[in-house]
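Grab a pencil and open the viewer.

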Amino acid sequence: MPEDNVIPLTSDNDAWHHAVKLFTGYEAPQRHTLFQKLLGNEGIPQMKVEISRQRHVDYADPNDFNWRVENAGYRIENTDFVIPFYMTGGDGASAGDQVSMYKARITMLGNHSTDAPPAGGVVEGGEFRSQYENHLGLSGESATWTTAPLTQYAYGTGRALEALLNNTTGTHGFSWNGINVADEKAVALSSFDTAAAAFDRVGQFFSDRQETVAEWQRRVGTEQNDAWRGQAAGVFWNLIDTINRQYEGYAKDMGARGGRSKQGNELREAGTALRNAALELHTKWDHWQLYMGNPLRWLHDLLVEITDHVWERNIKQITYKVNASGGGPYTSYYTTYHARGGFDQTATRFGRSDNFGPLDQLSTWKAVGERAVRNWQASVIENLVKPANEALDEVHNKWGAKNIDLGSIRTRGDDDLTSSYQEDKAEKEKEATEKAVAEANEKNEKFMAWQKAEAEKAKAEAERRQKEQEQKEAAARAEQERREAEAEAKAVAAQDRAEQQRAEQEQKQEEAWRKQEEARARAEQMQISHFNQARAGQEAARKEQERKRAEAEQRKAEVRAEQEAGEQEAQQRRAEAEARAEERLKEQEAQQRRLRTEQEMRQEQLLTEQEKREAEQLARQEEAQKHQEEAWQQAQASYRERTEGLLNPGGAGLPGPGGIDVPDRGDLSLGSGRLNTGDLTVPDPGHLTAGPHSGETLTNPGGSVTALDDSGRLVTEYPDGSSVRIDPELRTATVTRPDGTVTTGPLNVGDLLPNPDGSVTHLDSDGRIVTEYPDGTTTTVDPRTGIGTTTRPDGTVSTGYLNGSGGDLPSDFGPGSAAGGYGPSPRPSSYTSPAYDHGSYEEELYDDSPYATPVPAGAADIGTPLNTGSPPGGIGMPPMGGMPMGGMGAGNQAQSERVRNVIDDGQVTNSRGGRHGAGPAARAVAEENDVRVSAPRSSATTTGGSPFLPMGGAGAPGGQPQTQSGDRAREVWAQEDDDVWGADEGGAPAVIGR
């Protein structure tokens with residue numbers, strides 16, 4: 001993959017996340033959050049790492065590739081991945097530096113099987129937790145992990161694309177591993193065809209119906225009749241005209257041809273573009289998820305590369321030296337291991353120069369885990385993000401205005417029938433008013449013209465008459481001149497008559513003017529009346545509109561009031577729901593208090609039962625101690641009787657000249673020898689403590705009881721009612737809690753199992769079950785032999801059989817006893833004697849405590865020690881030195897030199913034959929290639945003297961100098977420790993011991 005893509009985990013520019021969300025509506029977690037819940041100890045991504053220094057160095061033959069297959073790689077020692085390596089003492093390694101052996105045990109956190117290395121494939125994953133509390137410092141939330149966010153991103157996105165492509169409803173109702181696609185965000189490819197078909201139907205409808213509506217308008221007329229204006233007929237005409245114009249515009253905008261519309265075709269092209277982009281993305285994802293989707297696959301590959309480098313540059317680059325110490329017959333040999341010139345102790349990919357750090361540092365493995373996450377992210381960028389960017393660009397280009405143009409569908413004209421009707425009605429009323437005013441004005445003008453004509457006519461008549469009068473006057477004056485003389489009186493009378501006529505004429509003229517003024521006034525009044533009527537009609541229409549507006553406002557207020565009432569009712573219901581929820585919460589709290597009270601009562605009852613069992617156990621222990629004290633008293637009495645018979649002069653006993661005087665204090669004469677102070681010690685019965693072994697059970701500190709069942713499994717029952725069953729063959733532990741729940745898990749070498757009483761149990765390399773208690777006590781049980789050993793904090797050791805054989809004290813103090821037939825076997829005052837029989841003799845062959853004489857420590861120094869002469873009864877040849885003779889120590893070996901095996905934390909590998917109960921040999925290698933030598937045990941060094949002699953032969957009644965091995969507790973026996981060095985068949989007498 002391109003190194004440019006190997007960057008720290010980030011969500012920036014995550015086109016894959018964006019494209020899946022845009023195409024399907026599925027929103028996966030952000031990429032930078034995927035591994036936050038997959039951190040082991042010290043924040044190491046995807047794994048827990050335990051680095052342990054081995055007690056012994058295991059040298060690997062560079063040509064033995066089987067050693068690597070069996071000791072390094074995937075699923076080794078019941079662990080996901082194991083990498084053994086060597087380290088020098090300092091930071092820098094140079095040729096010749098002495099090395100120590102380490103192992104990195106790696107537990108992978110994620111989705112993988114136990115049969116094959118991690119691989120791809122869709123899995124949902126989920127939450128899981130450690131079976132062991134506080135393992136590697138992880139507990140609680142830090143010991144709980146989940147792969148849900150990772151699988152939601154890696155696999156849920158691809159499943160969403162599958163739903164989009166394969167389901168008719170697309171991602172409607174899609175859900176994967178806890179993430180649901182909301183309905184408003186869901187996408188269905190069929191919706192493009194559905195919407196396109198809708199546009200097609202609408203376009204075809206407008207195209208077909210427009211022709212029908214055009215024929216209707218042709219029939220009602222293309223122009224509205226004035227008589228229809230403001231009437232129902234005018235409304236109908238407006239309806240036909242409006243529909244015709246709008247349908248014609250819609251049909252033109254949608255361009256429906258052959259059942260397909262312009263908009264429908266564009267939508268189908270957009271759906272096809274989206275389908276092609278989603279199909280291409282799903283194809284890329286399907287290949288990626290199968291081969292690269294699991295991040296543990298990248299971690300496994302990286303660990304394999306580091307293992308290759310460790311094999312070539314670390315394990316194969318060491319050598320060993322055999323060193324000698326001491327001199328002469330006391331020479332001992334030991335092996336050391338050293339680095340060669342090409343030795344490297346860093347975590348590096350094979351053939352690369354990238355250095356993650358020293359192999360024994362947890363920070364190095366954290367860097368390895370982070371690099372594995374980066375490699376996984378690089379595969380996402382290369383195989384998902386880049387195709388997603390291309391798909392987004394393709395869809396953007398296909399959906400752009402250059403390729404897809406839906407156009408616009410607009411409505412021609414915005415008039416409605418109501419407004420047209422009101423406009424026609426108003427225009428008609430206006431025209432009627434204008435017509436009435438015009439008619440009134442016309443009538444007024446006609447009246448004014450008539451009045452003016454009448455006035456002119458009257459004036460003309462008056463002028464005519466005046467003219468005639470003047471003519472008459474002229475004739476009269478002429479006549480008067482002519483007749484002046486005739487009748488002056490007639491003249492006066494004529495003048496009077498003329499004045500009267502003039503007055504009447506003026507009166508008539510004034511009457512005509514008065515009538516004319518009245519007619520003008522009536523015309524103006526009529527005009528004002530018509531104008532007021534038109535204004536009153538308009539005012540009434542305005543008031544009607546205001547009344548309707550007021551009614552609409554009132555209806556809005558009523559609706560608002562109803563909504564407020566509904567909200568109040570909803571608030572009341574919410575308050576009632578909250579009250580009911582609070583009541584249920586109180587009931588749950590009461591139930592919890594009741595359950596807590598019942599649990600406390602059960603705990604008190606269990607505590608009472610535990611105290612009762614402890615009291616019964618204490619009573620049994622006291623009774624067992626009483627029986628032991630009685631047995632010891634009987635044994636002491638028998639011993640004293642035999643001693644008195646032995647020391648009595650003349651009696652049967654020790655050979656030699658003379659008898660034996662037994663003074664109260666002082667010298668004790670025994671032939672030519674002396675009995676020194678401290679050679680014999682008589683144990684005080686009061687100081688002999690009873691061991692914890694009682695019959696078939698072992699009582700532990702805290703009151704728990706341990707026993708072996710018929711299948712060889714160790715079962716421990718605790719006072720709280722819980723129990724733990726350990727199967728050493730299957731290496732499993734089953735914990736049964738007081739409530740009956742059962743949990744079973746592996747218990748490998750090195751794993752710690754916490755117990756209810758605070759103790760910790762583990763398996764040692766020989767398959768024995770070791771339990772360490774808080775007070776410092778340690779118990780060790782060998783399921784194969786049934787022997788249980790208890791080491792107390794003060795160093796005292798007790799041994800017994802959990803299967804019922806043997807006992808706390810020797811049952812026979814006769815001649816076959818360890819004291820040679822002269823008394824009970826002496827032991828320190830706090831020691832409980834182990835059980836000896838012929839079947840378990842070799843298991844107890846080494847001297848477990850100092851051997852002293854039965855004489856009280858306060859006795860005087862009274863002669864030569866008993867071991868200076870030949871003891872009675874005859875004894876075999878004493879030891880001849882601290883080292884076996886050359887060529888005499890070989891037992892079952894094809895070579896003359898004994899080869900010791902190396903005990904590792906895992907299985908035991910040696911070149912000798914297997915034994916019952918031991919694990920299978922790790923590999924089959926020629927004996928000449930096996931040069932592994934175990935480190936010497938400093939605690940087993942012997943300062944002198946012979947070891948404890950076996951029963952059945954001639955025992956030595958004399959004392960033996962105390963050795964350093966008497967102060968130690970035996971920890972580990974290897975397989976060949978069942979043999980006795982120097983006692984092989986065909987060998988000469990040699991050192992009996994270890």
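**Exercise 1. Which residue in E26 is the bridge partner of Asp782?**

First, some ground rules. This is a predicted model, where local features need pLDDT of at least 70 and side-chain atom pairs count only at pLDDT 80 or more, while totals for chains, interfaces and linings use all residues. Residues are numbered from 1 along each chain as its sequence is written, and side-chain values use heavy atoms, with hydrogens and water left out.

Step 1: find the strands. Strands (E, at least two residues) and helices (H or I, at least four) are DSSP runs, numbered from the N terminus. Strand E26 covers residues 787-791 and pairs with E25 in the antiparallel sense over five bridges; to count as paired, two strands need at least two bridges found by DSSP.

Step 2: read off the partner. Asp782 is bridged to Ile787 in E26.

Step 3: look at the turn. Four residues sit between E25 and E26 in this hairpin, and Gly786 in the turn has a positive phi of about 80°.

**Exercise 2. Describe the surroundings of Thr780.**

Step 1: E24 (residues 769-772) runs antiparallel to E25, and four bridges join them. Here Val770 stands opposite Thr780. The hairpin of E24 and E25 has five residues between the strands, with Gly776 at a positive phi near 100°.

Step 2: list the contacts (heavy atoms within 4.5 Å). Leaving out residues up to four places away in sequence, Thr780 touches Arg768, Ile769, Val770, Ile787, Gly788 and Thr789.

**Exercise 3. Work out how H7 and H9 are arranged.**

Step 1: know what to look for. Two packed helices are described by the angle between their axes and the distance between the axes.

Step 2: get the values. Helix H7 (residues 262-291) and helix H9 (residues 362-398) have axes that come within 9 Å and cross at roughly 170°. Axes are lines fitted to C-alpha atoms, for helices over the stretch in contact, and angles run from 0 to 180 degrees between N-to-C directions.

Step 3: name the arrangement. That angle makes H7 roughly antiparallel to H9, a label for angles over 145 degrees.

Step 4: see who touches whom. Among the contact residues are Leu281 and Trp285 of H7, and Trp376 and Leu384 of H9. By class, the contact has 13 nonpolar, two polar and two charged residues. For the classes, Ala, Val, Leu, Ile, Met, Phe, Trp, Tyr, Cys and Pro are nonpolar, Asp, Glu, Lys and Arg are charged, and the others, Gly among them, are polar.

**Exercise 4. Which strands are at the edges of the four-stranded sheet?**

Step 1: write down the order. The open sheet runs E1-E4-E3-E2, with antiparallel pairing.

Step 2: pick the edges. Strand E1 (47-53) and strand E2 (73-76) each pair on one side only.

Step 3: zoom in on one pair. Strands E3 (residues 79-88) and E4 (residues 99-108) are joined by eight bridges and run antiparallel; Phe81 stands opposite Ile106 in E4.

Step 4: Helix H8 (residues 295-313) lies across E1, E2, E3 and E4, at about 30° to E3. H9 lies across E1, E3 and E4, at about 150° to E1.

Technical notes:
Angles under 35 degrees count as roughly parallel, over 145 as roughly antiparallel, 65 to 115 as roughly perpendicular and the rest as oblique.
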